[in-house]
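Q: Can you walk me through this two-chain model? I'd like to go over the interface, the domains and some helix packing.

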Amino acid sequence: MDDTPGRDGRPGQAASAAPGEIRADLRLVADLVAPGTRALDVGCGDGTLLHYLNQFKGVDGRGLEIRQERVNASVSRGLSVVQGNAETDLRNYPSQAFDYVILSQTLQAIHDPRGVLEELLRIGKHAIVSFTNFGYWRFRLHLACSGRMPVTDSKDHEWFDTPNIHLCTIRDFVTLCDALGITVERCFSVRRGGQTRRVRPSSALANLIGEQAVFLLGRE
Amino acid sequence: MSAPTKPQTPNTAELPGYRVELGVDEPLHLDCGVPLGPFTMAYQTYGRLNEAKSNAILVCHALTGDQFLAGDHPVTGKKGWWDVMVGPGKALDTDRYFVIGCNLIGGCMGTVGPTEINPAKDRPYALDFPVITIGDMVKAQKLLIDHLGIGRLFCVIGGSMGGMQALDWAVRYPERVFTAVPIATAARTSTQNIAFHEVGRQAIMADPDWCGGNYLIEGKRPHRGLAVARMGAHITYLSETALHRRFGRNLQDRKNFTYGFEADFQVESYLRHQGVAFVDRFDANTYLIITRAMDYFDLAEEHGGGVLAEAFQGTEVRFCLISFTSDWMFPTAESRGLVHALNAAAANVSFVEIESDQGHDSFLLDIPEYHKILSGFLAGAADHLVRCGTKAPSADG
């Protein structure tokens with residue numbers, strides 16, 4: 001969860017952003033949350049999404065964040081955020097306590113994505129997971145042409161110092177969900193320009209042209 | 001008001017602020033089984049209670065604190081213990097909130113306690129004053145809040161033992177508390193802290209002037225014992241880093257060791273000063289009784305059948321827990337344990353750990369980030385009240 005790519009470090013993502021002013025993938029996540037529900041944002045960064053959910057959708061939102069300065073920033077603006085580690089602290093939450101548990105741009109930094117994914121759907125009726133899709137054609141092309149690991153635009157880490165240790169493609173993620181018996185309720189791709197589109201999870205094209213992916217998950 | 005002369009009890013009847021008789025119709029039933037009442041509670045307020053009575057913040061004081069939070073303290077002549085926090089434009093903004101400080105039962109600043117006259121015997125209670133609990137303190141405060149006609153406190157806040165009271169309030173009277181801010185505290189008193197308390201109590205009781213607790217009647221004061229208790233406790237409020245930075249191994253007004261037991265080191269001189277200053281404003285029996293109350297505190301045992309999360313089950317109180325990195329008396333792990341229990345109860349909780357090398361005393365200090373977080377939390381909670389259709393906690397509401 002450490003240093004999630006572009007989660008809150010980008011300029012122009014002020015906490016007081018009006019609807020439509022938050023990043024496209026965050027907006028997409030927010031749109032998946034029904035108004036007036038309870039949501040837990042795991043790895044909530046400086047609370048941009050939580051703030052949006054609280055202000056514009058009347059969501060009873062809570063956050064968990066590992067970095068103290070981001071927790072402090074969130075609490076300073078009135079958000080309910082605790083400092084903690086998703087890999088060890090999610091087990092404290094009771095089952096089915098939230099309508100949604102959100103893991104936005106955080107999956108790639110988690111040591112045990114499978115364990116955390118199962119925890120998300122134990123705690124929440126739904127999980128919303130977003131991540132950078134390494135099946136995106138530019139990443140594929142970069143690897144094919146330069147023979148070097150892609151460095152995504154939202155972070156400057158090289159392969160040896162990146163906190164992002166579990167990178168995956170849309171197809172990889174869908175395979176994991178299948179293995180865990182998790183239902184993909186909806187799947188969206190976000191293109192570089194911010195255009196979002198609902199896609200079939202199995203779509204090879206989506207896996208090629210979507211730079212980001214957002215999944216709404218549930219259990220049958 | 002001038003400082004009291006040494007051998008006498010401060011004449012608490014002349015202190016500024018308010019006094020109210022509580023437990024008149026029905027005594028307060030203490031946990032030890034003794035009824036208390038009618039009894040006097042001394043309190044002080046800052047800011048203005050709005051018409052809806054929705055802007056009240058109760059500040060619970062710690063072991064040696066009192067009701068004088070801000071402004072000049074009538075006994076010490078220094079600023080109130082939370083002057084950095086309470087006032088216009090401060091984190092507990094008195095332009096917006098009505099802030100209440102009350103002296104605990106068992107205290108020595110005007111509320112009933114061992115220095116006050118026991119009407120049954122027409123002399124100071126001394127150790128006839130019953131051993132009380134944190135819960136008893138809170139039950140007494142609730143009578144004051146009832147008396148003020150406040151249905152629900154916007155916030156109950158306190159550090160250290162004050163944090164224990166804030167936790168007890170939230171668990172005992174959840175419908176009377178909108179937000180609770182327990183700072184640098186724990187859900188129970190640790191073994192180590194009980195041990196430190198016992199050292200302090202033994203120091204007091206070892207002083208011959210303690211007179212088995214009857215020093216006021218005998219016209220004496222156990223100054224040496226109480227000062228030693230304070231010196232020991234004071235070390236636990238600081239951090240090694242802070243002590244070292246401030247005093248190092250520097251010698252006090254001398255170039256060489258005296259090869260005797262004078263205060264050769266600055267740190268010794270400082271502690272002696274702390275001890276001496278303390279006995280002028282605090283009562284030894286109060287020290288015994290209140291440290292004992294802390295020892296007995298165990299929220300999970302009392303309210304959760306041994307499981308802390310059970311104590312918070314179904315709570316709608318919004319919590320903000322704050323700890324400090326260098327606090328080894330109430331370390332962050334204690335707050336984190338509380339957060340885990342609150343999470344397990346699906347409670348609304350915020351938790352921050354503030355970077356500070358000043359030890360447990362950090363909660364009293366002017367640390368900008370700490371104050372900013374606190375005022376942000378309160379503002380966020382006020383916004384939530386508005387969204388829920390309740391009038392905002394403001395002075396003109």
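**Domains, interface and packing**

A: Chain B is assigned domain 1 (12-189 + 297-387) and domain 2 (193-292); such bounds come from an automatic or database domain assignment. This is a predicted model, in which local features need pLDDT of at least 70, side-chain atom pairs count only at pLDDT 80 or more, and totals for chains, interfaces and linings use all residues. Residues are numbered from 1 along each chain as its sequence is written, with chains lettered from A and ligands numbered from 1 in the order in which they are written.

Q: What separates the centres of domain 1 and domain 2 of chain B?

A: The separation is 26 Å, taken over C-alpha atoms.

Q: And how many residues of each are in contact?

A: In chain B, 27 residues of domain 1 are in contact with 21 residues of domain 2. Contact means that C-beta atoms, placed from the backbone, lie within 7 Å. The domain 1 side has 13 nonpolar, 11 polar and three charged residues. In that scheme Ala, Val, Leu, Ile, Met, Phe, Trp, Tyr, Cys and Pro count as nonpolar, Asp, Glu, Lys and Arg as charged, and the others, Gly among them, as polar.

Q: Now the chains. How many residues of chain B are in contact with chain A?

A: 21 residues of chain B are in contact with 17 residues of chain A. On the chain B side, α11 (332-344), β14 (348-354) and α12 (368-387) each supply at least two residues. α12(B) gives the most, with nine residues. By class, that side of chain B has 11 nonpolar, six polar and four charged residues. Helices (H or I, at least four residues) and strands (E, at least two) are DSSP runs, numbered from the N terminus.

Q: Helix packing in chain B: at what angle do α3 and α5 pack?

A: About 165°, with the axes of α3(B) (residues 191-206) and α5(B) (residues 223-237) 7 Å apart. That makes α3(B) roughly antiparallel to α5(B). Angles over 145 degrees count as roughly antiparallel, under 35 as roughly parallel, 65 to 115 as roughly perpendicular and the rest as oblique. Axes are lines fitted to C-alpha atoms, for helices over the stretch in contact, and angles run from 0 to 180 degrees between N-to-C directions.

Q: Which classes of residue are in that contact of α3(B) with α5(B)?

A: There are 10 nonpolar, four polar and no charged residues. Among those from α3(B) are F196(B), V199(B) and G200(B), and α5(B) residues in the contact include L226(B), V228(B) and A229(B).

Q: What about α1(B) and α2(B)? At what angle do they cross?

A: The axes of α1(B) (residues 134-147) and α2(B) (residues 161-172) cross at roughly 70° and come within 9 Å. That makes α1(B) roughly perpendicular to α2(B). The contact has five nonpolar, two polar and two charged residues.

Q: Over to chain A. Is D25(A) buried or exposed?

A: D25(A) counts as buried because it has 25 C-beta neighbours inside 10 Å. The cut-off for buried is 20 or more other C-beta atoms within 10 Å, exposed is 12 or fewer, and partly exposed lies in between, with C-beta atoms placed from the backbone. D25(A) is in α1(A) (residues 24-32).

Q: Which residues does D25(A) touch, leaving out those up to four places away in sequence?

A: S130(A), V190(A), Q212(A) and V214(A).

Q: And what share of chain A is buried?

A: Buried residues are 49% of its 220 residues. Chain A has eight helices and eight strands.

Terms used. Contact = placed C-beta atoms within 7 Å.
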